[in-house]
Amino acid sequence: MFGISPLGWLHTLGSLPAIPAALYMLIRHGRIVPASLAGGIYFVAMLIGALSVFLVTHQPVGYVIGGATLALLLVGYGIRYRAGSGAARYVQTICLTLTVFLLMVPTVSETLRRVPDGHPLVTDLHSPLLLGAQGVLLLTLIVGLGGQILYLRSQRQRSRTRTD
């Protein structure tokens, strides 16, 4: 079904929970929150996806996306910060938001290239539909990261005025 191998299904189904977990956290908190249940689900699903992509990809770009996702995920979850330590929070937010983007680019691309089964919406990597969808993802990343940075900056300024 959909031309996916059993290992491909493991990759797809293993990483699939990351999407609703990311959406929930982005809507509720405005960012990926590692120290939450959804953050734990996101980490495990992204780890499964990032590691298993090396077994299923047939394109060099898949290795790049998998490696970048893994590196950003480990940096984002590895950073610990204290109250007032703004730089770490910025780095964590940026790294984890980039992992969401790196999850969604191949997800959208593969979905458009496989659905509906037997007659996919996109058959060419230069399809206007695929390029448009990727453009929307990039625009969403730029606007979303900008909003997150502004929000973090405003939070930091509010905490400074409370302590002064």
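Is Tyr63 buried, exposed or partly exposed? At a relative accessibility of 40%, Tyr63 comes out as partly exposed (buried is under 20% relative accessible area, exposed over 50%, partly exposed in between, with a 1.4 Å probe and protein chains only). The model is predicted, so local features need pLDDT of at least 70 and side-chain atom pairs count only at pLDDT 80 or more, while totals for chains, interfaces and linings use all residues. Residues are numbered from 1 along each chain as its sequence is written, and side-chain values use heavy atoms, with hydrogens and water left out.

A search of the whole structure turns up two aromatic pairs (rings of Phe, Tyr and Trp, the last by its six-membered ring, with centres within 6.5 Å; planes under 30 degrees apart are stacked, over 60 edge-to-face, the rest tilted). Phe43 and Tyr77 make a tilted pair, 4.7 Å centre to centre with 45° between the planes. Phe43 sits in helix 3 and Tyr77 in helix 4 (residues 60-78), so this pair ties together parts 34 residues apart in sequence (helices are DSSP runs of H or I, at least four residues, numbered from the N terminus). Phe43 is partly exposed at 23%, whereas Tyr77 is buried at 12%. Phe54 and Tyr63 are stacked, at 6.1 Å and 25°, and Phe54 is partly exposed at 32%.

Helix 3 (residues 37-56) also packs on helix 1 (residues 6-15), at about 160° with the axes 8 Å apart.

Technical notes:
Axes fitted to C-alpha atoms, helices over the stretch in contact; angles between N-to-C directions. Helix = DSSP H or I, 4+ residues; strand = E, 2+ residues; numbered from the N terminus.
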